[in-house]
Structures are given as structure tokens and as C-alpha cells.
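Dear colleague,

Please find below the structure that I promised to pass on to you. My notes on one of its strands and the surroundings of that strand follow.

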Amino acid sequence: KNACAANTNASTTGGSTPRSSSSSVRPSSSSSSSSHHSTIDPFTKIRIVNRQTSKVEMVDIFASFTFQTTASLIAMSNQNLSTLLLPSNNLNNGISGKTHAATMGIIFSNSKSKISKTGRAFSILKVGDLNTGPNITVFLFGAAYSKFTTLVNPGQVLAFVAMNILPVEQSQGKD
């Protein structure tokens, strides 16, 4: 499937430093009791403990973007994915480029530092929800890598806005 990339124009929850919406995640069952204050996020239906970004602030951040859950992004056809691309993208190279989309999900893993074939540092995040598991791959590189790689940990809920869709590698099939 297509991968989303956070770049210098993308950020977590729209700020200059990453702000996780939670320090931990719990399933949204009503039988779960906790000494922490928790809320159900209106976009993802994830129970968020120790919210660091208010619901109102999240609505404001997402207002100018097309919000999609991680599960809906991965289930989209190429035709539907192309509707998320900004008009300035060249569609001759397939479904890739800058979007007006936003998503929010649980960090399942963070590869921390990796080195590309060209010697550039990057990291890979696996993002999803508790129902579908990790289903989106987020690559952090450039300024996003420098700012966020060491601050993002499994169990945090993060928002991604204005991400890029990377082209599918030919070896990955026709998806």
C-alpha cells in the first residue's frame, strides 16, 4: 500500500514541537477505570489518557484538512487517494505527492535512526488504531526527523497533517 511521509511541512498536531495527545492509550471500553483523566477523541474514538492537546485545539488544527482515520487511508482505492492530493501534484507519476489530508493514530513502533543508501538519516513509524493495528507507515526525514525521532514513542497518539504520499515501489506489487 501507499506510505505517508511526514516532511518539513508536516507536523504532529500542527506545532513546531511534537505534542502527543497522550502518554498512554487504552481501549475505549466503558469498564476501564483509571486514576488518570481520560477522554474519547472525537476523530478516532481512541480513549486518550493525559491529553496534551485539547479537543477544541485538535478541531482547529484539522479544520483546513480532510481528516481520514488510518484504517480509511489504507482502505482507499488509488482513485480516492488521488482526491487527497493537492492540485499542483503531477499525477503522471502515479499516486504520490503533497496532500491536504490529516490523520491521527497510535504509534506502534519507531525504528529510531536509520541511514539511507545516500547517507541521510531517517526513521520509520508504524501508526494505526487498536482495532486494525499498525497499518500506516510514516517516514520521518529532514527537519521532521531531526525534531521528532527521539521524542516519539510507542503508545503515544499523534496527529499528522499535510503529509506526502510516497509512490509505491514497483517490487511491492500493484496495490
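Strand β8 (residues 114-115) pairs with β9 in the antiparallel sense over two bridges; strands are DSSP runs of E with at least two residues, numbered from the N terminus, and two strands pair if DSSP finds at least two bridges between them. Within this pairing, Lys114 stands opposite Phe122 in β9. The hairpin of β8 and β9 has five residues between the strands, and there Gly119 takes a positive phi near 90°.

Please note that this is a predicted model, in which local features need pLDDT of at least 70 and side-chain atom pairs count only at pLDDT 80 or more, while totals for chains, interfaces and linings use all residues. Residues are numbered from 1 along each chain as its sequence is written, and side-chain values use heavy atoms, leaving out hydrogens and water.

β9 also runs antiparallel to strand β10 (residues 133-141), to which eight bridges join it. Gly128 has Pro134 as its bridge partner in β10, and three residues lie between the two strands of this hairpin.

Why is strand β9 largely enclosed by the rest of the structure? Seven of its nine residues (121-129) are buried, so the strand is largely enclosed. Buried means under 20% relative accessible area, with exposed over 50% and partly exposed in between (1.4 Å probe, protein chains only).

Yours sincerely

Key
Helix = DSSP H or I, 4+ residues; strand = E, 2+ residues; numbered from the N terminus.
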